[in-house]
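Please look through this model from the whole chain down to a single residue. The text below follows that order.

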Amino acid sequence: MVLIDVVKEKAEGEAMDLSHGMPFAPSKMDIKAGDYSDCKDANIVVITAGLNQKPGQTRLELAKANAKIMKDITRQVVDNGFKGIFVVASNPVDLMTYVVYKTSGFPKERVIGSGTVLDTARLRFLIGEYLKIASKNVHAYIIGEHGDSSFVPWGHCYVGCKKLLDVMKENGKDIKDLDKIYNNVQQAAYEIINKKKATYYGIGISLTRLVKAILDDENAIMPVSTYQDGEYGQKGLFIGVPAIINRKGIKEIVKLELEPKDQEKFDYSSKIITKTLLEEINPILEEN
């Protein structure tokens with residue numbers, strides 16, 4: 001694993017810190033600080049660079065500044081011969097994934113945003129806590145923008161092999177509690193940022209899971225930010241939807257039959273992303 005940072009000493013320090021934990025790691029890994037020339041034969045490049053989200057700031061407010069950073073990084077990675085898969089985690093992730101896609105010229109299957117992977121993990125954790133069920137047995141997804149317009153298609157959520165809504169009724173639970181759970185998910189990042197200035201561990205574990213699904217050719221289903229070509233009635237943008245992930249990147253998008261109210265939410269989320277693409281992102285992409 002090669003760490004690249006504009007402040008090389010920071011990358012060196014991170015590499016040292018991580019390397020010192022290797023005696024307890026499940027497998028051997030060489031970790032070092034490097035530069036863009038190391039991208040030539042890499043399988044995956046994970047981009048986490050960009051300005052941090054400040055307390056009270058929305059992810060969309062980061063768009064313009066981080067788009068310029070993303071464009072520069074992508075050019076340098078590609079110019080050094082990278083032929084692998086991009087994984088983008090920088091916020092606002094749906095827009096930044098689009099920037100990487102357009103700047104790199106890579107096929108859409110090989111540019112993946114972390115999308116709503118972390119949102120979904122938070123959702124599964126909270127539902128598990130609420131129902132006193134292991135979160136690994138909660139099968140639910142948040143889809144749409146990785147941001148304030150995301151939503152949960154509750155009709156497609158399961159506990160084991162039973163529909164979540166049926167489990168709620170059978171256990172005398174108030175369906176309205178699900179809205180409270182979603183609200184806690186949506187506000188989680190803001191609360192963590194207010195308390196400790198940034199989120200690290202949840203997204204780190206989520207990215208590890210995503211990268212492992214690619215490297216191990218798992219055909220795992222994860223809610224990532226991927227290019228839409230009409231699958232959910234939208235085209236020309238990246239947004240979070242369930243997709244099958246393997247060694248080639250995005251194998252295919254999993255198409256859910258959304259209820260009309262959920263389709264409206266998805267369309268609204270797409271509209272927010274598209275508006276920012278047109279007003280903020282495309283002018284930056286058109287610059288030399």
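A residue is called buried when its relative accessible area is under 20%, exposed when over 50%, and partly exposed in between, using a 1.4 Å probe and protein chains only. By that cut-off, 45% of the 288 residues in the protein are buried. This is a predicted model, in which local features need pLDDT of at least 70 and side-chain atom pairs count only at pLDDT 80 or more, while totals for chains, interfaces and linings use all residues. Residues are numbered from 1 along each chain as its sequence is written, and side-chain values use heavy atoms, with hydrogens and water left out.

The protein has 8 helices and 11 strands, which are DSSP runs (H or I of at least four residues for helices, E of at least two for strands) numbered from the N terminus. The C-alpha trace spans about 60 × 50 × 35 Å along its principal axes. Of the contacts (heavy atoms within 4.5 Å) with a separation of 6 or more, 66% join residues 24 or more positions apart.

Two helices can be followed in detail. The axes of H2 (residues 63-79) and H3 (residues 93-104) come within 9 Å and cross at roughly 35°; these axes are lines fitted to C-alpha atoms over the stretch in contact, with angles from 0 to 180 degrees between N-to-C directions. Among the residues making the contact are Ala67 and Met70 of H2 and Val99 and Val100 of H3.

Finally, Thr116 lies in the loop between strand E5 (111-113) and helix H4 (117-131). Thr116 counts as buried because its relative accessibility is 0%. Leaving out residues up to four places away in sequence, Thr116 touches Ile142, Ile143, Gly144, Glu145, His146, Pro223 and Gly240.
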